[in-house]
Amino acid sequence: MGHRILILDDDMDFNSLLTDIFSQAGYDVTPELEPQKALALIREFQFDLVVTDQRMPGISGKDFLRELKKVQPRTPIIMVSGFLDNETIRELIREGVGGVFLKPLNVFSLLKRTSKLLEQVDGIAPRPGESEIEAVGQLDFHHALPFAFSSFPCRDPKSAEFAHKLYALRNFKSYLTLTGPRGTNFAAVCRDFEALRDKLEERFFYLTNTMVEANNLLRMLQEQEERERVTLCILETDTLDLERQRLLPQIARRSGPFAGLKIATRFIFCLSESLDTLYDGGLMDESLYLLTSSSELAVPGLEEVRDDIALLAQQILVREAATRQLGAVPSLDVSAKSYLRDRSWPGNYNELQQVVLGALGQSRKNTLTRESLEKANIPGNAPVVELRPYLTRLRDEYAQAAAILCDDDPMATAQAMGVSPDAVAQLLANK
């Protein structure tokens with residue numbers, strides 16, 4: 001039997017969603033709507049983890065935590081809520097909460113944090129300071145690897161081999177280049193490096209092209225001076241223009257606008273074209289070329305790890321269920337899994353995501369079939385995907401990130417976002 005998890009949330013729909021998510025991840029789940037009944041269960045049965053809301057009828061999440069600790073002091077707890085300010089989050093963490101998650105829920109971060117907490121229950125020593133707010137993350141697949149790894153489920157030997165290579169390079173000193181076919185999910189691979197970091201006081205930044213700008217980079221690095229190290233993940237290195245490319249070696253050499261920086265800096269460069277092709281075509285600056293050619297790790301494409309594809313697709317559905325706040329997590333039938341495994345994937349993970357979401361948008365059923373996936377793959381048959389949940393989530397996450405960077409100063413946050421202070425206050429209140 002798997003780990004036993006108690007779900008406490010008085011919102012029946014959200015309770016059902018959480019129950020479905022954890023059940024599909026292989027856990028033994030006990031759902032409960034009422035806090036007092038949950039406490040009675042805790043007094044009668046041993047749970048490996050408790051997931052609860054912060055605001056419930058008759059008792060707060062913090063008070064529930066204290067009652068839990070009286071009976072099961074070693075049982076970790078995760079708090080999920082849509083009504084937490086920064087001070088409450090800090091207080092909950094001081095009280096011993098193992099993870100705090102805000103609605104709309106990032107399912108992958110939740111499952112990843114769950115896996116880490118259950119490792120502690122099983123006696124696997126965690127890194128100090130792992131009780132934190134999960135900002136990014138991904139589903140922690142249940143595999144036989146002796147370390148955390150989430151980029152692939154590793155049912156295929158090639159992805160397992162890649163995982164071991166990544167683990168061996170986890171403590172690279174300065175520069176690492178990730179190469180993969182167009183459509184590779186480089187962000188997921190970088191998050192695995194972050195999960196395996198050896199320095200507690202290290203910050204990872206995931207940078208798209210527009211974020212590679214001198215003033216932005218300088219401010220970002222200066223604000224991290226008290227940390228031991230920063231790792232910059234350049235997610236679209238091969239599409240950076242030459243002017244932006246030249247900024248990266250300047251950071252490494254502490255020259256130009258970055259003269260005087262003291263914090264140690266590492267780089268992960270992500271490329272979908274070969275270094276030599278870019279350089280010979282005049283598309284890569286020579287100083288950056290010298291950095292990126294130091295150490296290289298090839299990320300396998302989907303067609304190299306076919307035994308992983310169905311689980312990656314299910315992972316996409318789990319995330320989408322949380323984004324849309326669906327009452328149940330959609331699944332794939334046998335014909336759909338076979339179709340995904342056997343077809344070609346020139347666009348790799350990005351194409352897989354498009355096909356799966358397209359099929360979900362067009363299907364009226366909770367189970368996707370080969371037929372629904374084939375329809376989503378017809379040229380010109382655009383995926384019917386509701387954008388509002390994505391845009392709302394991105395807006396709220398951006399507001400929260402801006403507030404953190406600006407030390408919760410509403411005026412500074414408003415200036416950074418280019419909106420009014422009233423708008424900032426409303427966005428943060430909605431969180």
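Here are legends for a handful of close-up views of this predicted model.

In this predicted model, local features need pLDDT of at least 70 and side-chain atom pairs count only at pLDDT 80 or more, while totals for chains, interfaces and linings use all residues. Residues are numbered from 1 along each chain as its sequence is written, and side-chain values use heavy atoms, with hydrogens and water left out.

**View 1. The whole chain, for orientation.**
The protein chain comes to 18 helices and 15 strands; these are DSSP runs numbered from the N terminus, with helices (H or I) of at least four residues and strands (E) of at least two. Of its 431 residues, 50% count as buried. Here buried means under 20% relative accessible area, exposed means over 50%, and partly exposed is in between, using a 1.4 Å probe and protein chains only. The chain exposes about 20000 Å², and carbon and sulfur atoms supply 51% of that; areas come from the Shrake-Rupley method with a 1.4 Å probe, and for residues only the protein chains shown count as cover. Take the contacts (heavy atoms within 4.5 Å) between residues at least 6 apart in sequence: 69% of them join residues at least 24 apart.

**View 2. Helix H7, tucked inside.**
Helix H7 covers residues 186–195, and because 10 of its 10 residues are buried, it is largely enclosed by the rest of the structure. The buried residues include Phe 186, Cys 190, Arg 191, Asp 192, Phe 193 and Glu 194.

**View 3. The largest nonpolar core.** This core has 48 residues, and Phe 149, Leu 178, Phe 193, Ile 268, Leu 340 and Leu 352 touch the most other members. A nonpolar core is a set of buried Ala, Val, Leu, Ile, Met, Phe, Trp, Tyr and Cys residues joined through side-chain atoms within 4.5 Å. Helix H14 (residues 348–362) gives the largest share of this core, seven residues.

**View 4. Helix H9 and its surroundings.**
Helix H9 runs over residues 242–253, so to speak a 12-residue stretch, and reaches 17 Å from its first C-alpha to its last, close to the 16 Å expected at 1.5 Å a residue. That expected span is 1.5 Å times one less than the number of residues. Gln 245, Leu 247, Leu 248, Pro 249 and Ile 251 are buried in H9. What do the buried residues of H9 pack against? They pack against helix H8 (214–222), strand E11 (229–234), strand E12 (264–271) and helix H11 (286–292). At the start of H9, a side-chain oxygen of Asp 241 comes to within 3.2 Å of the backbone nitrogen of Glu 243.

Most residues other than glycine have a negative phi. Arg 254 sits in the loop between H9 and E12, and counts as partly exposed because its relative accessibility is 23%. Phi of Cys 154 is also positive, near 65 degrees. Cys 154 is found in the loop between strand E8 (132–133) and helix H6 (157–168), and its 14% relative accessibility is why Cys 154 counts as buried.

**View 5. Cysteines without a bond.**
The structure holds zero disulfides, a disulfide being a pair of cysteine sulfur atoms within 2.5 Å. Cys 233 is in no disulfide, and the nearest cysteine sulfur, that of Cys 190, is 3.8 Å away. Cys 233 counts as buried because its relative accessibility is 0%.

**View 6. Pro 346, out in a loop.**
Pro 346 lies in the loop between helix H13 (334–342) and H14. Is Pro 346 buried or exposed? Its relative accessible area is 61%, so Pro 346 is exposed. Pro 346 and Glu 303 are 43 residues apart in sequence, yet 8.4 Å apart in space, C-alpha to C-alpha. Neighbours within four places in sequence aside, Pro 346 is in contact with Arg 182, Glu 303 and Glu 351.

**View 7. Gln 314 and its partner.**
Gln 314 is found in helix H12 (residues 309–324), and counts as buried because its relative accessibility is 14%. The side chain of Gln 314 makes a polar contact with the side chain of Gln 24, at 3.3 Å. A polar contact is a pair of N or O atoms within 3.5 Å; within protein, one must be able to donate a hydrogen and the other to accept it, and residues adjacent in sequence count only if both atoms are side-chain atoms. Setting aside neighbours within four places in sequence, Gln 314 is in contact with Gln 24, Val 329, Pro 330, Ser 331 and Leu 332.
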